Amino acid sequence: MVKKKNREWRICVDFTDLNKACPKDSFPLSHIEQLIDATAGHELLSFSDAYSGYNQILMAEEDQEKTTFITHQGTYCYKVMPFGLKNAGATYERLVTKMFKERLGKTMEVYIDDMLVKSAKKEDHISHLKEAFKILRRYGMKLNTEKCAFGVASGKFLGFLVSQ
């Protein structure tokens, strides 16, 4: 168990052997610099973070046993994608790219579980947010409200302060 920044606990399982046995997923992650540059010129921004992002992706039933770990209380395996798998980032990026394909580069930017809704005109922002939330609901994705900011002129995205 490891304590996170927000003082919650995260189970950490050593997947070294499993990661060695898995081929690398070459799905590309977005270029952070391009995502940051793409926020310029937008009047309103909304920053979102998926709640326990990786844990919202179900593991294929036949792969669950590969994530088995032992505790003093018993033997367990993950039914959702755990933190620490070699291809977790690429898997998540593939999912959000699929989910938001019609929005990316236009009204949204996404990097794994960090999402940004952007609007060049203030009056369009509510409709852009509604579209994003509709997609999130369709996929059953939940947001970490402690890490969200909606309808702001500036904020932090991927460690960078972005504004109009």
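**Close-up views of a predicted model**

**View 1. Met 108 stands opposite Val 117 in β7.** The model shown is predicted. Four bridges join β6 to strand β7, residues 114-119. The two strands run antiparallel.

**View 2. Four strands form an open sheet with antiparallel pairing.** The strand order is β6-β7-β3-β8. β6 (108-111) and β8 (149-152) are the edge strands, and each pairs on one side only. On average, neighbouring strands of this sheet are turned by 10° against each other, direction ignored.

**View 3. Helix α5 lies across β3, β6, β7 and β8.** The helix spans residues 125-138, and β3 covers 44-49. Helix α5 runs at about 150° to β7.

**View 4. Ser 48 lies in strand β3.** Its relative accessible area is 8%, so Ser 48 is buried, the cut-off being under 20%. Beyond its neighbours within four places in sequence, Ser 48 is in contact with Asp 113, Asp 114, Met 115, Leu 143, Cys 148 and Phe 150.

**View 5. The model has five aromatic pairs.** One of them is Phe 47 with Phe 157, a tilted pair. The rings lie 6.5 Å apart, centre to centre, with 45° between the planes. This pair links distant parts of the chain: Phe 47 sits in strand β3 and Phe 157 in strand β9 (residues 154-157), 110 residues apart. Phe 47 is buried, with a relative accessible area of 6%. Phe 157 is also buried, at 2% relative accessibility.

**View 6. Ring pairs build an aromatic cluster.** Its members are Phe 15, Phe 69, Tyr 76 and Tyr 78.

Notes. Residues numbered from 1 in each chain as written. Predicted model: local features only at pLDDT ≥ 70, side-chain atom pairs only at ≥ 80, totals over all residues. Heavy atoms only, no water. Pairing = 2+ DSSP bridges. Axes fitted to C-alpha atoms, helices over the stretch in contact; angles between N-to-C directions. Contact = heavy atoms within 4.5 Å. Buried < 20%, exposed > 50% of the residue type's maximum accessible area, 1.4 Å probe, protein only. Phe/Tyr/Trp six-rings, centres within 6.5 Å; stacked < 30°, edge-to-face > 60°.
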